[in-house]
Amino acid sequence: CPVGAIYEKDETRTLMRAIRDPEKHVAVQIAPAVRVAIGEAFGMEPGTISTGKIYAALRMLGVDAVFDTNFSADLTIMEEGTELLMRLKSALVDKKEVALPQFTSCSPGWIKYMEYFHGDILDHLSTCKSPQQMMGTLIKTYYAKTRGIDPAKIVSLSIMPCTAKKMEAARPELGRDGRPDTDIVITEIVGVLEILQ
């Protein structure tokens with residue numbers, strides 16, 4: 001924003017407090033774009049993938065678990081594909097009226113745009129959560145259960161290239177028991193560079 005009216009909320013201190021709190025279990029997910037963009041920011045050749053370096057740095061900072069959002073992106077693809085097949089079956093076999101085409105629900109910016117300007121076609125939007133939110137849900141449910149961790153003690157951190165992911169994580173419908181599935185979202189610009197330097 002050229003006049004400084006819109007700026008990103010820096011949650012680096014919130015993250016560092018969580019890491020230092022022995023009662024908290026900090027689980028991080030990293031978006032695919034981050035592993036390349038962060039390398040360039042540190043002077044690596046453009047296109048250099050720095051996944052291992054990011055994982056190692058996060059573990060050195062004291063995070064308890066590191067996940068890759070690629071996994072939940074695959075889940076989203078499978079779920080959205082299944083949803084599309086069900087819609088097509090309803091339309092073609094059952095002869096029911098369904099909303100087609102189906103739009104992906106991966107981008108919170110896209111969803112907000114549709115909500116603001118195209119509310120009349122929201123039923124075309126996939127009902128699936130985005131990869132960030134699917135991973136946040138898995139961390140606070142499946143991971144918590146298999147590791148025997150109280151979900152209330154888990155801080156689910158998401159490192160994303162898009163500031164709209166902060167808005168998405170704050171949506172009250174994307175959580176359970178009054179807690180968000182994704183607690184903190186840091187973009188590589190504000191948070192990761194500051195932490196890793």
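**A buried glutamine and its surroundings**

Modeller: The side chain of Gln-29 reaches the backbone oxygen of Gln-132, at 2.9 Å. Keep in mind that this is a predicted model. Gln-29 sits in strand β1, which covers residues 25–30. Is Gln-29 buried or exposed? Gln-29 is buried, because its relative accessible area is 0% and buried means under 20%.

Now look at the partners of Gln-29. Its side chain also makes a polar contact with the side chain of Thr-69, at 2.8 Å. Set aside the neighbours within four places in sequence. Gln-29 is then in contact with residues from several stretches of the chain, among them Phe-67, Thr-69, Pro-131, Gln-132 and Met-135. The list also includes Gly-136, Leu-157, Ser-158, Ile-159, Met-160 and Thr-182. Ser-72 shows how sequence and space can be compared. Gln-29 and Ser-72 are 43 residues apart in sequence, and their C-alpha atoms are 9.8 Å apart.

Next come the charged pairs. Side chains of opposite charge can pair when their charged atoms come close. This structure holds 12 salt bridges.

Arg-87 forms a salt bridge with Glu-83, and the closest N and O atoms are 3.1 Å apart. Both residues lie in helix α4, residues 69–92. They are four residues apart, about one turn of the helix. Arg-87 counts as buried at 11% relative accessibility. Glu-83 counts as buried too, at 12%.

Other pairs reach across the sequence. Lys-129 forms a salt bridge with Asp-181, with the closest N and O atoms 3.2 Å apart. This pair links distant parts of the chain, 52 residues apart. Lys-129 lies in the loop between α5 and α6 (131–147). Asp-181 lies in the loop between β5 (179–180) and β6 (184–187). Lys-129 is partly exposed, with a relative accessible area of 24%. Asp-181 counts as buried, at 0% relative accessibility.

Now take Arg-171. Arg-171 forms a salt bridge with Glu-115, and here the closest N and O atoms are 2.7 Å apart. Arg-171 is in the loop between α7 and β4 (175–176), while Glu-115 is in helix α5, so the pair ties together parts that are 56 residues apart in sequence. Glu-115 is partly exposed, with a relative accessible area of 28%. The pair also belongs to a network: salt bridges link Lys-112, Glu-115, Arg-171 and Glu-173.

Arg-171 and Glu-173 lead us to the pocket. The largest pocket has about 250 Å³ of space. It is lined by 16 residues, and those closest to its centre are Ile-111, Cys-128, Arg-171, Glu-173 and Leu-174. Two elements give two or more residues to this lining: α5 (108–117) and α7 (164–169). Helix α5 gives the largest share, three residues. What kinds of residue make up the lining? Seven are nonpolar, four are polar and five are charged.

Gln-29 is buried, and its side chain has polar contacts with Thr-69 and with the backbone oxygen of Gln-132. Arg-171 pairs with Glu-115, and Arg-171 is also among the residues closest to the centre of the largest pocket.

Technical notes:
Residues numbered from 1 in each chain as written. Predicted model: local features only at pLDDT ≥ 70, side-chain atom pairs only at ≥ 80, totals over all residues. Heavy atoms only, no water. 1 Å grid on protein atoms, 1.4 Å probe; cavity = no way out; pocket = protein on both sides within 12 Å on 5 of 7 lines; lining within 4 Å. Points joined across faces, edges and corners; volume = space filled by probe spheres on them. Nonpolar A, V, L, I, M, F, W, Y, C, P; charged D, E, K, R; others polar. Buried < 20%, exposed > 50% of the residue type's maximum accessible area, 1.4 Å probe, protein only. Contact = heavy atoms within 4.5 Å. Polar contact = N/O pair within 3.5 Å; in protein donor to acceptor, adjacent residues only side chain to side chain. Salt bridge = Lys/Arg side-chain N within 4 Å of Asp/Glu carboxyl O.
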